[in-house]
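Please open the model in your viewer and keep the selection panel at hand. The tour goes from one selection to the next and says at each stop what is there.

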Amino acid sequence: MSLPREKLAEMFARTGVTVRTDCTFSSLTTLRVGGEIKLTVRPQNKRQLVACLRLLDKLGEQYIVVGNGSNILANDGFFDGVAVVTKDVNALRIRGNVVTADCGTNTAKIFASLVSSGLGDGEFLGCIPSTVGGAVRGNAGCFGQDVASVVQSVTAVTDNGRLCTLTAEECAFSKRDSIFKRNGWTVLSAKMRFTPSTPQSVRQKFAEMHAKKAATQPLGVPSAGSMLFHSRFSLSPMLDKLGFKGMRVGGAEVSKKHVGFVLNIDKATAEDIYYILRYETNALWRAYGIAAQTEVTCVGFGRQIERGQNDIFTDGQE
Ligand SMILES: Cc1cc2nc3c(=O)[nH]c(=O)nc-3n(C[C@H](O)[C@H](O)[C@H](O)COP(=O)(O)OP(=O)(O)OC[C@H]3O[C@@H](n4cnc5c(N)ncnc54)[C@H](O)[C@@H]3O)c2cc1C
C-alpha cells in the first residue's frame, strides 16, 4: 500500500520524528546518486525509531533504513516509500572496556572514544565510513578486524516489530553478513568489547591501517566502497584480469586504484553505476561460473526492496 506524501507526513509528524519531503538519495548516500524520496523521517531516539518501524509495518509502506549511506545504490527515479534515517539515534556509553552504541552512532565517533579511553582492536571503526547499524548488519571490517570480533550483543527489531537482544553467536556473523541482513531486521544498538591498550598504540595502529587504505583505495571520490562480493572468493583479482580497471560508463568509472570500487567521477547516474555492476557480474559468471552478489543495497532497480537480500545477477543477461 502506498499513502500520499502529505497524509504520511502528517502521521509521522505526530510521532515526534523530524519529517522531510524534499530529500533525495543523492543527498543521503556517499555515491551521491539517487532520486527523490516520498518521505524522509529522522527519529531522535530508539523509542521513536521503534515506533516508526511499527507504524511503517502497520501501514504496509515500502521503506529503507539509512545510516551513513555508504553502502546504498538508489535508482534515479522517485522512491515511493519512506527513508528512515538513523543518524540522530546516536547515544554512546563506555563502561570499562565495553562500549554500547545506538545504531545511528558514527563509527568514527566510537573510534575517537576508543582512542581517548585507550581501547584497542577497534581501529577498523575509524577506517570505515559507517554507522553502527550498517556496520553490524554487514559485519563491516578491514585488515583482519571486523564487527563480529568485537560484538557482545545486539538489540534489534525483527521484521514483525518485536524487540530482541541477541548474543554474538546468535547474530550469526559471516563474511559481510549477519542475521540482521538475512532477515531484514533493524539494529537498534550494539554492545562491543575492546581490549585495554594505550591511546598512543591505538593511534599508531589506526594510522598504519589508514595509510594502507589510502594507498590502495580511492578514498576522496564518491563511492560506496567495494560493490560486489562473494562469500568464498575474492573478486578483485578476477575483475582485474577481466580488464575492468578504468571502465567508464557515463559519469561512472571502475577505479584504477581498486577494481572493486565504482566511482561517481562526473555527475554519474545510478543507472551508469548499475550498468557497470550488471556487466561485471555477468562477466564473472561467464568467465568463472561465479555468482557475485552486490555488497551494496540496491534500491529501486526493477524489484521491490527485498529486505535482507541484495540483487544478484546470475542469469547471464546483459
Ligand atoms: C570509501 C569507502 C570505503 C569503505 N571501506 C569499507 C571497508 O573497508 N570494509 C567494509 O566492510 N565496508 C566498507 N565500505 C562500505 C560501507 O562503509 C560499510 O558497508 C558500512 O558499514 C555501511 O554502513 P552505513 O551506516 O553507511 O549503512 P548504509 O549505507 O546507510 O546502509 C547499508 C545497508 O544497511 C542497512 N542499514 C542501515 N542501518 C541499519 C540498521 N540500523 N539496522 C539494519 N540495517 C541497517 C540499510 O538499510 C542498507 O541495506 C566502504 C565504503 C566507502 C564509501
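Two strands are said to pair if DSSP finds at least two bridges between them, and helices (H or I, at least four residues) and strands (E, at least two) are DSSP runs numbered from the N terminus. What you have open is a predicted model, in which local features need pLDDT of at least 70 and side-chain atom pairs count only at pLDDT 80 or more, while totals for chains, interfaces and linings use all residues. Residues are numbered from 1 along each chain as its sequence is written, and side-chain values use heavy atoms, with hydrogens and water left out.

**Colour by confidence**

Begin by colouring on pLDDT, the predictor's confidence in each residue, from 0 to 100. The mean for the protein is 94, and 95% of its residues reach 70 or more. Then select residues 304-309, where pLDDT stays under 50 and the model has 14 contacts beyond four places in sequence, a contact meaning heavy atoms within 4.5 Å. Select residues 311-318 as well, where pLDDT again stays under 50 and there are 28 contacts beyond four places in sequence.

Select β1, β2, β5 and β3, which form an open sheet in the order β1-β2-β5-β3, with mixed pairing. At its edges are β1 (18-20) and β3 (63-66), each of which pairs on one side only, and from one strand to the next the twist averages 20°; angles run from 0 to 180 degrees between N-to-C directions, and axes are lines fitted to C-alpha atoms, for helices over the stretch in contact. Within this sheet, β2 (residues 37-42) and β5 (residues 79-85) run parallel and are joined by 4 bridges; show Thr40, whose bridge partner in β5 is Ala83.

How do α1 and α3 pack, at what angle and with their axes how far apart? Helix α1 (residues 5-13) and α3 pack at an angle of about 145°, with their axes 11 Å apart. Their contact is made by Leu8, Met11 and Phe12 of α1 together with Cys52, Leu55, Leu56 and Leu59 of α3. Display these side chains: the residues of the contact divide into 7 nonpolar, no polar and no charged, where Ala, Val, Leu, Ile, Met, Phe, Trp, Tyr, Cys and Pro count as nonpolar, Asp, Glu, Lys and Arg as charged, and the others, Gly among them, as polar.

**The sheet of five strands**

Now select the open sheet of 5 strands, whose order is β6-β7-β13-β11-β12 and whose pairing is antiparallel. Its edge strands, each pairing on one side only, are β6 (92-95) and β12 (163-167), and the twist averages 15° from one strand to the next. Strands β11 (residues 151-157) and β13 (residues 186-193) run antiparallel, joined by 6 bridges, and Thr155 has Ser189 as its bridge partner in β13.

Return to helix α3 (residues 46-59), which packs on this sheet too, touching β7 (98-102), β11, β12 and β13, with its direction making about 145° with that of β13. Finish with helix α4 (residues 107-117), which lies across β6, β7 and β13 and runs at about 25° to β6.
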